[in-house]
Amino acid sequence: MITGPQAPHVAVEGFDGPLDLLLELVEEKRIDILTVRLGDLADEYLARVRALDALPAAEVAEFLALASRLVLLKARSLLPSLAPDIPEEEGESEEDLRARIIEYATTRERAAALGDKLRTGSRAFHREGGAALSDLPPRGGDSGALAAAWAKVLALAARQHEEDLVAPGERYSVEQRTGEIEALVALHDTLTFGTLLGDRPTLGFAIVTFIALLDLYRRLVIEIAQDELFGEITITRKTARMTAVDVPAPEPA
Amino acid sequence: MTRSANAIAIEAILFVAEKPVSRAELAKIAGASPRAIEAALIELEAHYEETGLRLQHEGDDWQIVTAPETARFVAAYLGADRLRVSSASLETLAVIAYRQPATRAEVEAIRGVNCDQTIYTLMSRRLIEERGRRETPGRPIEYGTTWEFLECFGLTSLEGLPQVITPEGQVRLPELDRPEATSRRSREGRERAPG
């Protein structure tokens with residue numbers, strides 16, 4: 001077996017050593033993943049790599065593989081429902097895999113059987129002279145629908161362009177967003193996810209906001225309720241223990 | 001062998017029909033019960049076995065088509081080209097044909113690759129069509145096969161799909177979810193020729 005590159009060295013609060021050791025300790029539950037600040041860990045490592053003259057590609061790849069495993073473990077501990085029901089390493093049991101392989105093999109057999117039928121050329125024709133054989137537009141279209149679709153494409157393209165201009169490389173940090181939401185909840189008691197997102201949230205902003213909510217929920221700061229699938233998420237303050245201290249005013253989304 | 005009056009009436013109607021006709025419509029026109037029409041269709045089907053014609057049906061809709069073994073001559077007369085379908089498209093078509101109605105996600109779960117392009121190609125060749133949306137989160141589009149699919153593959157109905165042997169040596173039948181759902185839209189889709 002070829003030995004892999006040496007695991008990158010990382011230093012975060014409570015741990016200083018090779019990343020693979022950290023992963024091992026977390027997996028053996030000798031370190032609580034919730035206490036490891038993965039953001040700090042990544043920042044520290046990136047800062048160190050940036051300072052190097054050449055990119056240590058093999059080491060960075062190793063870092064990504066190990067760190068992504070840590071992120072998965074952390075996500076699972078934050079959201080217990082993410083934990084796989086089956087004990088297998090990658091979430092798919094041997095039985096599932098086998099069923100999937102058989103399903104695909106069957107599909108290939110069926111495709112081959114259909115292909116054979118096609119090659120014999122033994123087809124049927126109906127009275128109008130047979131189905132059209134060359135490429136035809138799907139049914140149900142007319143010039144009005146085509147024009148409407150084109151207008152939609154143009155609008156999308158314009159909006160895409162607009163977004164490109166408005167938010168060049170915008171960055172949010174979960175810590176910052178957590179603080180903002182904590183302050184808002186202290187003021188208003190009840191909020192909705194919709195108001196937190198604002199009118200035109202970017203994907204990054206929405207994700208960071210959502211993770212911040214999960215973090216606040218984990219820390220028992222807020223209650224989260226959603227009455228129906230895809231319905232509005234209501235956020236209420238859980239305890240009166242916290243006050244808004246030293247948090248920046250929320251920025252417009 | 002003399003044929004029943006119902007079988008003769010049905011044959012005449014289907015002969016002039018430019019689109020598939022439902023069993024209920026045949027019953028209404030012929031003034032017979034759906035059960036009698038069913039018997040007459042079976043009778044006609046058996047009679048056609050020895051002719052250059054076949055009865056084709058999808059769900060409850062019926063039409064007269066040419067027999068697959070005459071395809072060479074009919075194609076030559078019509079100047080029709082041979083249909084060619086890539087192996088990737090055939091795989092997508094196989095999933096949809098045997099499991100219809102099927103969603104894109106189901107096809108992709110089985111094939112393990114993105115299937116946007118093959119679905120588009122099959123749609124543009126009218127081998128598959130949209131059948132509505134599934135009432136699950138995201139309301140994905142459901143796809144099914146068309147009359148053209150049956151004709152191009154020389155099938156008289158979906159029951160005629162080739163059965164295959166699985167790697168475990170078992171015969172796999174089509175897993176058609178709702179065979180009755182395969183009729184209506186195709187019928188609406190075929191337009192009457194002008195005049």
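Figure 1. Of the contacts in chain B between residues at least 6 apart in sequence, 56% join residues at least 24 apart; two residues are in contact if their C-beta atoms, placed from the backbone, lie within 7 Å. The model is predicted: local features need pLDDT of at least 70 and side-chain atom pairs count only at pLDDT 80 or more, while totals for chains, interfaces and linings use all residues. Residues are numbered from 1 along each chain as its sequence is written, and chains are lettered from A and ligands numbered from 1 in the order in which they are written. Chain B contains nine helices and eight strands. Helices (H or I, at least four residues) and strands (E, at least two) are DSSP runs, numbered from the N terminus. Of the 195 residues in chain B, 38% are buried. A residue is buried if 20 or more other C-beta atoms lie within 10 Å of its own, exposed if 12 or fewer, and partly exposed in between.

**Figure 2. The interface of chains A and B.** In this interface, 34 residues of chain A are in contact with 46 residues of chain B. The side of chain A that touches chain B consists of 16 nonpolar, eight polar and ten charged residues. Here Ala, Val, Leu, Ile, Met, Phe, Trp, Tyr, Cys and Pro count as nonpolar, Asp, Glu, Lys and Arg as charged, and the others, Gly among them, as polar. A:Y104 lies in helix α4 (residues 94–120) of chain A. With 17 other C-beta atoms within 10 Å, A:Y104 is partly exposed. Leaving aside residues up to four places away in sequence, A:Y104 touches B:I110, B:R111 and B:G112.

**Figure 3. B:R54 and its neighbours.** B:R54 is part of strand β2 (residues 53–58) of chain B. B:R54 counts as buried because it has 20 C-beta neighbours inside 10 Å. Not counting residues up to four places away in sequence, B:R54 touches A:A124 in chain A, and B:Y48, B:V65, B:A67 and B:T156 in chain B. B:V65 is eleven residues from B:R54 in sequence, and the two are 5.3 Å apart in space, C-alpha to C-alpha.

**Figure 4. Helices α2 and α3 of chain A.** The axes of α2 (residues 38–50) and α3 (residues 57–78) of chain A come within 11 Å and cross at roughly 170 degrees. α2(A) is therefore roughly antiparallel to α3(A). Axes are lines fitted to C-alpha atoms, for helices over the stretch in contact, and angles run from 0 to 180 degrees between N-to-C directions. Angles under 35 degrees count as roughly parallel, over 145 as roughly antiparallel, 65 to 115 as roughly perpendicular and the rest as oblique. A:L38, A:A42, A:Y45 and A:V49 of α2(A) make the contact with A:V60, A:F63, A:A67, A:L70, A:V71 and A:K74 of α3(A). Nine of these residues are nonpolar, none is polar and one is charged.

**Figure 5. Helices α2 and α3 of chain B.** In chain B, the axes of α2 (residues 23–30) and α3 (residues 34–48) come within 9 Å and cross at roughly 105 degrees. The two helices are therefore roughly perpendicular to each other. α2(B) contributes B:R23, B:A24, B:L26, B:A27 and B:A30 to the contact, and α3(B) contributes B:P34, B:I37 and B:E38. Six of the residues in this contact are nonpolar, none is polar and two are charged.

Figure 6. Three strands of chain B form an open sheet in the order β4-β6-β5, with antiparallel pairing; two strands pair if DSSP finds at least two bridges between them. The edge strands, β4 (102–103) and β5 (128–133), each pair on one side only. Four bridges join β5(B) to β6 (residues 141–145), and B:E130 has B:Y143 in β6(B) as its bridge partner. Helix α5 (residues 87–99) lies across β4, β5 and β6 of chain B, at about 90 degrees to β6(B). Eleven of the 13 residues of α5(B) are buried, so this helix is largely enclosed by the rest of the structure.

**Figure 7. Strands β3, β4 and β5 of chain A.** Three bridges join β3 (residues 190–192) to β5 (residues 233–237), and these strands run antiparallel. A:T192 has A:T234 in β5(A) as its bridge partner. Five bridges join β4 (residues 222–226) to β5(A), also in an antiparallel pairing, and A:E223 stands opposite A:T236. The hairpin formed by β4(A) and β5(A) has six residues between the strands, and A:F230 in the turn has a positive phi of about 65 degrees.
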